[in-house]
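Some notes on the strand pairing and the nonpolar packing follow. Please read them beside the coordinates.

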Amino acid sequence: GTEELVEMHAVDTDADVLESRCCALGEFGSSAFPVADDDLVAGVLMAFRGALSGVALLVMDPEDALGWATADGFKSDPVAIYVKLAERVLASVVESASQALGAEAEIGSPRLEESSIAGCLLRTHAPSDTVLICSRLEIEAGHQRRPAQLFLMMDAKVVAALLGALCVSIH
């Protein structure tokens, strides 16, 4: 849990969302949603199930991932620390969404993916009409800001229910 993470990584981490976009998974990388995607990334993929179900993915350039994991000094297993840090970010996003929806979400185990972004997304085997929410982030740890991308893949009905739960009536 959190105590284990503090022992592994003593530096506070903040994540700022700079931009978010949405498309069908099948449009990702097309002219409708262009992405420079030839580079290898360090991705952490995590499924979630229940009324709120889908897949979350956090990706960073491998050097930035290493920098984040070692922001408080080099450790013996920076890859495990990176996966744990990414897991906490992804779990926080899923927990916030499930609270907004008023539904439980069972969060699966994180899995490290070293591929292109498209390669990481394809490994989910999600249908091409799956809604893909893409957010560009800046992660700050140890007085360093590092770019990252967060992807949420959910069925259109789940996204519609989530957006409905976020709507407010103003009189």
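1. Strands S3 and S7 run antiparallel and are joined by five bridges. Across this pairing, Leu57 faces Phe151 in S7. Strands (E, at least two residues) and helices (H or I, at least four) are DSSP runs numbered from the N terminus, and two strands pair if DSSP finds at least two bridges between them.

2. This is a predicted model: local features need pLDDT of at least 70, side-chain atom pairs count only at pLDDT 80 or more, and totals for chains, interfaces and linings use all residues. Numbering starts from 1 along each chain as its sequence is written, and side-chain values use heavy atoms, with hydrogens and water left out.

3. S2 also pairs with S3, antiparallel over seven bridges, and the two form a hairpin with three residues between them. Val44 stands opposite Leu58 in S3.

4. Seven of the seven residues of S3 are buried (under 20% relative accessible area; exposed is over 50%, partly exposed in between; 1.4 Å probe, protein chains only). One side carries Gly54, Ala56, Leu58 and Met60, the other Val55, Leu57 and Val59.

5. The largest nonpolar core has 33 residues, of which Leu52, Leu58, Trp68, Tyr82 and Met154 touch the most other members. Such a core is a set of buried Ala, Val, Leu, Ile, Met, Phe, Trp, Tyr and Cys residues joined through side-chain atoms within 4.5 Å. Elements giving two or more residues to this core include S3 (54-60) and S7 (144-154); H3 gives the most, with 10 residues. Another core, of 15 residues, lies apart from it, with Phe151 among its members.
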